[in-house]
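Hi,

Here is the structure I promised to pass on. Have a look at it first, and then read my notes below.

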Amino acid sequence: MDFRFSDQHVMLRESVRNFAAKEIRPIAEEIDSEDEWPEGMWGKLADLGVMGITVDEEYGGAGADLLSAVIVLEELSKASPSIALSWGAHANLCCNNLNHNANAAQKKKYLPPLCSGKHIGALGLTEPNAGSDAVNIQTVAVRNGDHYVVNGTKMFITNGTIANTVILYTKTDRAMGAKGITAFILDTASRGFSVSRKLKKYGHRGSPTAELVFEDCRIPAENVLGAENRGINVLMSGLDVERAFYAGESIGIAEACLELSVKYAKERVQFGKPIGAFQLIQAKLADMYTQLEAGKMLCYKAAVLADQAARGGKGTEIHKLSAASILFNAEMASRVADQAVQIHGGYGYMLEYPVQRFLRDAKLIEIGAGTSEIRRLIIAREILGI
Ligand SMILES: Cc1cc2nc3c(=O)[nH]c(=O)nc-3n(C[C@H](O)[C@H](O)[C@H](O)COP(=O)(O)OP(=O)(O)OC[C@H]3O[C@@H](n4cnc5c(N)ncnc54)[C@H](O)[C@@H]3O)c2cc1C
């Protein structure tokens, strides 16, 4: 067992950290207050070389492993979880999924513009009445010659207002439950597709979240991802990777909160001493550090093993490990961010200090990519063998 990152991972972290310090951190509060994606950011992320981080090089990607993607997510999150979330929906939910599940012609057509940053990606699964119960989606696709005609609504879709390419889950056989799901690659220029509204959020402001509507939207049959009525395989293949990946956002949030809190504890003077001299503040910092380190071990282990499992590795028990990683880390980041606000006192409650933003942002990871409750169910089922 070797706890050191490879030289490549260290270099990647360094370059994303420098990028985030220069290009994101100075505008992080503005992104939050304006609730707008910063103009030119996708181009800058493309120049950094991370748009198709885990995509095969022959399709324009960087061919890196999932741990690399986690490192990028973590470093972006330390500056702005909003930028991290949207980049993750593009790079992981869309591009990584296509890299694993699309056929050669689909990869050749869709991946190069996604990897170069010319196109933005998203994933549309959740609906107004189907979240945790994802196999109960009602968006329906009916075959009509060489096309499918799609009708329905998707809810809470990250990058929904700006995406060019969406991995879209539909029902092609409503009577068949999970076995009636078909995944498509949707080109958002298709007739019958529209963004019905951009949603206003409590956190992750600036990362666009949207409701999408399909009214007799025609999708070519060649855009079926996987096979008709086999969308559940595409869906399941991405979930462990998605959970292992998004745990990295919580790590970034907790790291930022700890750093800000240590700095503040050294600077803020009360009773003639820096508040870091008080043992009750020291205990909070020690607990924050300990929880973060525990979270990192789980996060990096799950990332490495989820990657191996996705490449055909066996015996990794990855469902429960990925679920445990995001379960622990999401709740850990909320606790750590909450303590960071407490350490900052009244200033922590003010919008001009970033810790309250991290607290609002942290909460989403307990909900998105499957809630904490669903993650506990997954872990319990696997350890009980039921
Ligand atoms: C900002 C944001 C971005 C998102 N981005 C995307 C995206 O890009 N693409 C996408 O497809 N989706 C996206 N989502 C949707 C997200 O995945 C869902 O919100 C999530 O899966 C939960 O579904 P729900 O909101 O419908 O909650 P519900 O499923 O209605 O859950 C409500 C509550 O009931 C609990 N619950 C449900 N079932 C059970 C059960 N069996 N046992 C115990 N408790 C249960 C839940 O844990 C939760 O506490 C996003 C959501 C948000 C908020």
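By class, how many nonpolar, polar and charged residues does the shell around the ligand have? There are ten nonpolar residues, ten polar ones and two charged ones. Before you read on, keep in mind that this is a predicted model.

Staying with the ligand: 22 residues sit around it, and the ones that come nearest are L125, G131, S132, T371 and E373. Strand 1 (121–124), strand 3 (147–158) and helix 12 (372–384) are the elements that give two or more residues to this shell. In terms of domains, domain 2 (123–229) and domain 3 (232–384) each supply at least three residues to the shell.

That brings me to the domains. The assignment for the protein chain gives domain 1 (7–119), domain 2 (123–229) and domain 3 (232–384). Between domain 2 and domain 3, the C-alpha centres are 30 Å apart. Their contact takes eleven residues from domain 2 and ten from domain 3. On the domain 2 side, the residues that touch domain 3 are six nonpolar, four polar and one charged.

Next, the inside of the protein. The largest nonpolar core has 116 residues, and L76, C257, A306, V336 and A337 have the most contacts inside it. Helix 7 (residues 231–267) gives the most to this core, namely 15 residues.

Is A247 buried or exposed? A247 has 33 other C-beta atoms within 10 Å, and the cut-off for buried is 20 or more, so A247 counts as buried. Beyond neighbours within four places in sequence, A247 is in contact with C299, A302, S325, I326 and N329. As for N101, which is 146 residues away from A247 along the chain, the two C-alpha atoms are separated by 23 Å.

Now for helix 9 (residues 318–343). With 26 residues at 1.5 Å a residue, helix 9 should span 38 Å, and its end C-alpha atoms are 37 Å apart, which agrees. Of those 26 residues, 19 are buried, so helix 9 is largely enclosed by the rest of the structure. Just after helix 9, G345 takes a positive phi of about 55°.

Helix 11 (residues 355–364) is also worth a look. Eight of its ten residues are buried, so helix 11 is largely enclosed by the rest of the structure. The buried ones are V355, Q356, R357, F358, L359, D361, A362 and L364. What covers them? The cover includes helix 2 (28–34), helix 5 (81–101), helix 7, helix 9 and helix 10 (345–348).

Last, S86, whose place is in helix 5. S86 is buried, with 28 other C-beta atoms within 10 Å. Leaving aside neighbours within four places in sequence, S86 is in contact with W37, T158, N159 and S207. From S86 to E331 there are 245 residues in sequence and 21 Å in space, C-alpha to C-alpha.

That's what I have for now.

Cheers

Notes. Residues are numbered from 1 along each chain as its sequence is written. This is a predicted model: local features need pLDDT of at least 70, side-chain atom pairs count only at pLDDT 80 or more; totals for chains, interfaces and linings use all residues. A residue is near a molecule or strand if its C-beta atom, placed from the backbone, lies within 6 Å of it. Helices (H or I, at least four residues) and strands (E, at least two) are DSSP runs, numbered from the N terminus. Ala, Val, Leu, Ile, Met, Phe, Trp, Tyr, Cys and Pro count as nonpolar, Asp, Glu, Lys and Arg as charged, and the others, Gly among them, as polar. Domain bounds come from an automatic or database domain assignment. A nonpolar core is a set of buried Ala, Val, Leu, Ile, Met, Phe, Trp, Tyr and Cys residues joined through C-beta atoms within 7 Å. A residue is buried if 20 or more other C-beta atoms lie within 10 Å of its own, exposed if 12 or fewer, and partly exposed in between; C-beta atoms are placed from the backbone. The expected span of a helix is 1.5 Å times one less than its number of residues. Two residues are in contact if their C-beta atoms, placed from the backbone, lie within 7 Å.
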